[in-house]
Amino acid sequence: MEKIIWDNRFNLQIDEIDRQHRRLVDIMNRLIATEDEKASDDDIADILGAMTNYLGYHFDTEEQMMLDHGYPELESHREEHQTFVTQTAYFIATYREGGASLKSDILLFLKEWLVEHIVKTDGAFGDFLRNANAD
Ligand SMILES: [Fe+2]
C-alpha cells in the first residue's frame, strides 16, 4: 500500500494541529510499512498502541481548541472522533485475539479515514478559525 505523502491540503495553518497531524501521518506510514517489512506481531502491536495513544492526545487537543473558540460543529466533530476510536479499538482487539496479520482492508480504512478527516472535517475547523481571526 502506498504511504501517505504530506499534501498541502492537509495544512490547516494551525501550527500545533499541523504538527500533530504530521506525527499521526508518520505513525500511519509506519503501520503501512509493516506490510512490506517482516514486522513481528509485537512490532505491529507497538505501532497500533502508539497510534491509539497519540490519537487520544490529539483528539483532546483539537476538541479543547474548538471549545476555546466556540466552534459550533464541536459536537459532530467529537462524535466523528469517538466513532473512529471505537472502530480502531475494535480492530486492535480483533488483531490481538486472532494474532492475524493486519489485513489490508483495516490499513486502508485507517489511512482513508485519517486523510479524509484531516482534509474535510479538520479543514472545516481551520476555515472557521481563519475566518474568526480575519474578523
Ligand atoms: Fe479532528
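Okay, a definition to start: helices here are DSSP runs of H or I with at least four residues, strands are runs of E with at least two, and both are numbered from the N terminus. By that count, Gln13 sits in the segment before H1.

Quick housekeeping. This is a predicted model, where local features need pLDDT of at least 70, side-chain atom pairs count only at pLDDT 80 or more, and totals for chains, interfaces and linings use all residues. Residues are numbered from 1 along each chain as its sequence is written.

Back to Gln13, then. Its phi is positive, about 65 degrees, even though Gln13 is not a glycine. Is Gln13 buried or exposed? The rule is that a residue is buried if 20 or more other C-beta atoms lie within 10 Å of its own, exposed if 12 or fewer, and partly exposed in between, with C-beta atoms placed from the backbone. Gln13 has 11 C-beta neighbours inside 10 Å, so it counts as exposed.

Now the middle of the thing. The largest one has 11 residues: Val25, Ile27, Met28, Leu31, Ile32, Ile47, Leu48, Ile106, Leu110, Leu114 and Ile118.

The axes are lines fitted to C-alpha atoms, for helices over the stretch in contact, and the angles run from 0 to 180 degrees between N-to-C directions.

Take H1 and H4: the angle is about 165 degrees and the axes are 10 Å apart. The crossing is left-handed, meaning the near helix is turned anticlockwise from the far one by less than a right angle, while clockwise would be right-handed. Contact means C-beta atoms, placed from the backbone, within 7 Å. On the H1 side, the contact residues include His21, Leu24 and Met28, and on the H4 side they include Lys111, Leu114 and Asp122.

Next, H1 and H2. Here the angle is about 160 degrees, again with axes 10 Å apart, which makes H1 roughly antiparallel to H2. H1 passes H2 in a left-handed crossing too. Among the contact residues are Glu16, Arg23 and Ile27 of H1, along with Ile47, Tyr54 and Glu62 of H2.

A bit more on H2, residues 41-68. From first C-alpha to last, its 28 residues reach 40 Å, close to the 40 Å expected at 1.5 Å a residue; that expected span is 1.5 Å times one less than the number of residues. Its buried residues are Ile47, Leu48 and Glu62. Just after H2, Gly70 takes a positive phi of about 60 degrees. Then comes Pro72, in the loop between H2 and helix H3 (74-98). Pro72 counts as exposed because it has 10 C-beta neighbours inside 10 Å. Pro72 and Asp36 are 36 residues apart along the chain, with 43 Å between their C-alpha atoms.

Last stop, H4, residues 104-134, where we find Val115. Val115 is partly exposed, because 16 other C-beta atoms lie within 10 Å. Leu108 also lies in helix H4. Which way does Leu108 go, buried or exposed? Exposed, with 12 other C-beta atoms within 10 Å.

How values were computed
Core = buried A, V, L, I, M, F, W, Y, C linked by C-beta atoms within 7 Å. Contact = placed C-beta atoms within 7 Å. Parallel < 35°, antiparallel > 145°, perpendicular 65-115°, else oblique.
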